[in-house]
Amino acid sequence: VGGFAALSIQEAANNLSKITAGMQAVGARGGSLLSILRAEVQSGIHGAGGLLKDPSAAMGVLWICRFLTFWEEVCLMRAQPPPPDGEVVSLRKTIEGAYKHTLLPYHGWVTEKAFDVAAAAAPDWAVVRPHFAPSDEFFVEDAYAFVRASQKLLPRIMAALTKLDLVDTRKSV
């Protein structure tokens with residue numbers, strides 16, 4: 001997905017690093033993601049009302065969930081059959097549409113502008129799709145498989161974050 005993917009990959013790596021660092025900071029060893037989040041809560045590093053310390057494992061988990069939700073929407077939008085008028089929606093428009101529903105509510109002005117620049121670098125879908133799957137049919141099948149898997153996982157993680165008061169709704173920079 002060109003330069004746009006580089007931004008997503010960098011964000012995923014940063015958030016995975018936050019989880020690892022958070023685990024080490026609270027002395028959590030192995031176990032489950034839930035045990036790491038509970039250890040952070042017990043350590044008292046986060047504020048009431050979901051005010052998360054950054055960096056922390058909880059912040060990393062929360063942003064990974066948000067990005068996975070974004071990619072779910074991108075995949076679902078790209079898996080739709082073309083409209084009757086035959087006008088194909090560009091990958092950039094797909095990304096922008098998914099962004100408005102999933103990430104924009106949590107992005108401040110600087111992050112929003114950086115995202116706009118990255119989205120503008122997205123190549124045409126016809127160029128990108130072969131990198132995802134050998135055919136449109138396989139892409140649709142793979143997209144729905146990804147969404148089915150993530151929709152089993154994300155609600156469980158978000159429920160745990162909510163129960164532990166670890167959902168920070170503040171905007172990034």
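In this briefing, Ala, Val, Leu, Ile, Met, Phe, Trp, Tyr, Cys and Pro count as nonpolar, Asp, Glu, Lys and Arg as charged, and the others, Gly among them, as polar. By these classes, the lining of the largest cavity has 9 nonpolar, no polar and 1 charged residues. The model described here is predicted. The protein contains 7 helices and 0 strands.

**Overall architecture**
- From the N terminus on, the order of elements is α-α-α-α-α-α-α.
- The C-alpha trace spans about 55 × 35 × 25 Å along its principal axes.
- Of the 173 residues in the protein, 36% are buried.

- The structure holds 1 cavity of 30 Å³ or more.
- The space in the largest cavity amounts to about 50 Å³.
- Its lining consists of 10 residues, of which W71, V74, L91, W125 and F132 are the closest to the centre.
- Two or more lining residues come from each of the elements α3 (57-79), α4 (91-102) and α6 (125-132).
- Helix α3 gives the most to this lining, with 4 residues.

**Surface patch**
- A nonpolar patch on the surface is formed by W109, V110 and V173.
- Together, these residues of the patch have about 370 Å² of accessible area.

Terms used:
Residues are numbered from 1 along each chain as its sequence is written. This is a predicted model: local features need pLDDT of at least 70, side-chain atom pairs count only at pLDDT 80 or more; totals for chains, interfaces and linings use all residues. Side-chain values use heavy atoms; hydrogens and water are left out. On a 1 Å grid over the protein atoms alone, a cavity is a set of points where a 1.4 Å probe fits but cannot get out, and a pocket is an open set with protein on both sides within 12 Å along at least five of seven lines; lining residues have an atom within 4 Å of a point. Grid points are joined across faces, edges and corners, and a volume is the space filled by probe spheres set on the points. Patches are made of residues with over 30% relative accessible area and no salt bridge: like charges are joined within 9 Å, nonpolar side chains (Val, Leu, Ile, Met, Phe, Trp, Tyr) within 5 Å. Accessible areas come from the Shrake-Rupley method with a 1.4 Å probe; for residues, only the protein chains shown count as cover. A salt bridge is a side-chain nitrogen of Lys or Arg within 4 Å of a carboxyl oxygen of Asp or Glu. Buried means under 20% relative accessible area, exposed over 50%, partly exposed in between (1.4 Å probe, protein chains only).
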